[in-house]
Amino acid sequence: MTVSLPDAPWWASAVVYQVYPRSFADSDGDGIGDLRGIASKLDHLELLGVDVIWLSPVYPSPQDDAGYDISDYQGIDPTFGTLDDFDALLADVHARGMKLVMDLVVNHTSDEHPWFVESRSSQDHPKRDWYWWRPAREGMEAGQPGAEPTNWGSAFSGSAWQHDEVTGEYYLHLFSRKQPDLNWENPEVREALYAMMRWWLDRGVDGFRMDVINFISKDMAADGSLPDGDVPDGGLFGNGRPHFTCGPRIHEFLQEMHREVFAGRRSGLLTVGEMPGVTVDDAILFTDPARAEVDMVFQFEHVELDHGADKWDVRPLRLTDLKKSFGRWQLGLADVGWNSLYWDNHDAPRAVSRFGDDGEFRERSATMLATVLHLHRGTPYVYQGEELGMTGAHFERIDQYRDIESLNHFAEALEHGRATEESLLEALRASSRDNSRTPVQWDATENAGFTTGEPWIAVNPNYPEINAAEQHDNPSSVFHFYRSLITLRHAEPAVALGDFTMLMPDDEAVYAFLRRHGQTELLVLGNFSPEPRPVLISDTAAWTGAQLVLCNIDSGAVTDDSSLPELQPWEARVYRRQVG
Ligand code: TEU
């Protein structure tokens with residue numbers, strides 16, 4: 001039962017569950033998940049208690065980037081099913097009191113989308129300006145190395161520009177060559193996309209997760225040129241990010257989108273913008289309800305804290321860095337705007353393997369990470385399998401990988417002699433996106449009950465120990481702990497709306513903070529280390545006798561006497577008391 005919070009948006013007490021359809025559940029034995037597979041698992045999501053399902057892309061796509069390369073925005077890829085399957089899933093989700101938001105991928109399309117097929121057909125085609133076409137760099141012969149219009153690198157290795165033999169010009173693709181960027185400067189492009197969004201909302205979907213939406217405005221000069229980026233030491237390409245991250249017209253575009261698509265529509269919709277490189281100040285502007293842009297953003301600071309030169313150069317996480325980052329976002333959006341809260345998604349290695357301990361203390365570290373995250377101020381996102389404590393894939397061989405980002409990085413680094421095969425495989429084991437894309441582990445039967453066919457990517461061999469069926473029947477499982485966390489957010493207004501106060505900011509092992517709403521105060525404690533750690537807060541005495549609301553170890557171990565007992569390895573505890 002979700003308490004109604006009269007002066008708060010519905011999503012302040014909601015929890016969102018991300019489904020990555022390729023790896024969720026396969027109903028037709030082709031080894032790839034699909035819509036009927038998702039429908040067959042709604043009992044699991046309803047039992048978990050989540051309020052919203054975010055579907056990663058299910059649109060027709062050549063799957064060059066696993067669906068984030070769309071060739072038809074108003075259809076369903078036959079691999080995933082049909083529009084009828086989609087309507088049936090949506091109706092079932094709504095009948096169970098949940099909502100469904102779609103993935104909106106409008107920074108780029110697939111190069112097989114009719115818009116791009118037309119645009120590349122000739123320099124004079126009316127849709128030429130629907131994408132970013134530019135001639136070769138002044139004084140350079142098209143097709144020659146260095147002739148690209150700018151020196152920007154693609155997120156998936158190589159240049160961000162592709163030379164097109166037919167028309168002799170280059171087109172921009174910040175991601176793969178098969179993901180040409182749309183030109184949002186062109187009002188026809190924007191209107192076509194708004195019409196597509198209205199079409200899905202008219203079909204009943206409850207909102208959108210917007211893919212790299214802060215990349216849509218590029219830093220174009222009056223003459224249409226785009227600037228080179230700074231080349232990092234030893235870099236192959238320039239860093240274009242400063243020239244398209246939160247670009248000059250981004251707020252204008254998002255406000256126009258809100259006016260053209262969402263204004264005047266029913267309440268109960270959700271919009272979340274995925275925004276690599278977004279700052280707290282940017283996020284206040286993007287999520288201030290008075291500005292009517294988006295409800296919340298996905299920021300990336302905390303998922304890049306263990307990055308050295310790049311995501312492949314992994315460094316140990318310093319808990320004080322994490323607290324500084326989360327603390328700044330909590331404070332920055334305390335009065336205006338709203339945070340999203342996530343550890344995992346289809347682009348990040350699983351947190352239990354990354355920030356926790358996916359061996360001896362897998363369940364404890366998984367539930368501790370969840371407790372600390374979910375009790376911050378913001379809307380939590382649970383990525384499929386996170387509620388089961390699924391671990392990273394830890395693949396051994398390159399042929400086990402499927403992710404274009406990982407495969408391109410491996411190939412480019414080897415080609416340029418930048419690393420050995422073994423060190424590259426080690427980097428992929430730690431950071432590849434495929435770590436979180438292995439099939440969901442439903443039970444201990446073959447292929448973890450994901451498919452009766454050959455899975456498109458290997459199932460994690462630990463599925464006999466880690467699976468939903470076992471955990472549904474085990475009240476002290478990670479799954480049931482997630483249910484308790486979600487129930488607490490639904491029932492306790494302090495979780496949704498409480499002010500946030502960081503405690504023990506300099507402690508490298510214990511994450512501690514307060515949430516206060518009215519007379520209710522919550523103390524949240526999480527031990528990020530494999531050793532017992534003391535709770536060093538100023539007024540422990542004030543908390544003795546407080547109610548222990550949640551604990552991820554057999555609470556019998558916890559005594560409510562004069563001081564707060566030290567935290568066991570990876571232990572999480574939540575206390576509640578009434579004040580004033
Ligand atoms: O991700 C954007 C993005 O920031 C990621 O590319 C991220 O930098 C990278 O994965 C970190 O390793 C979105 C989608 O979530 C991702 O799946 C797509 O590949 C990408 O956009 C292009 O659509």
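Over the ring of which residue does the charged end of Lys99 sit? The charged end of Lys99 is placed over the ring of Trp10, 4.7 Å from its centre; a charge sits over a ring if NZ of Lys or CZ of Arg is within 6 Å of the ring centre and within 35 degrees of the ring normal. The charged end of Lys311 likewise sits over the ring of Trp312, 4.8 Å from its centre.

The model is predicted, so that local features need pLDDT of at least 70 and side-chain atom pairs count only at pLDDT 80 or more, while totals for chains, interfaces and linings use all residues. Residues are numbered from 1 along each chain as its sequence is written, and side-chain values use heavy atoms, with hydrogens and water left out.

Rings of Phe, Tyr and Trp (its six-membered ring) pair if their centres lie within 6.5 Å, and planes under 30 degrees apart count as stacked, over 60 as edge-to-face and the rest as tilted. By this rule the count comes to 29 aromatic pairs. In one of them, the ring centres of Trp184 and Phe253 are 5.8 Å apart and the planes stand at 45°, so the pair is tilted. Because Trp184 lies in the loop between strand 6 (170-172) and helix 5 (187-202) and Phe253 in helix 6 (residues 250-262), the pair ties together parts that are 69 residues apart in sequence. Helices (H or I, at least four residues) and strands (E, at least two) are DSSP runs, numbered from the N terminus. Trp184 is buried, at a relative accessible area of 0%, and Phe253 is also buried, at 0%; buried means under 20% relative accessible area, exposed over 50% and partly exposed in between (1.4 Å probe, protein chains only). One aromatic cluster is formed by Trp152, Phe156, Phe175, Phe215 and Phe244.

Most residues other than glycine have a negative phi. Trp570, in the loop between strand 15 (547-551) and strand 16 (572-578), has a positive phi near 60°. With a relative accessibility of 5%, Trp570 counts as buried.

The axes of helix 11 (residues 404-415) and helix 12 (residues 421-431) come within 10 Å and cross at roughly 155°. Axes are lines fitted to C-alpha atoms, for helices over the stretch in contact, and angles run from 0 to 180 degrees between N-to-C directions. Helix 11 and helix 12 are therefore roughly antiparallel, a term for angles over 145 degrees, whereas those under 35 count as roughly parallel, 65 to 115 as roughly perpendicular and the rest as oblique.
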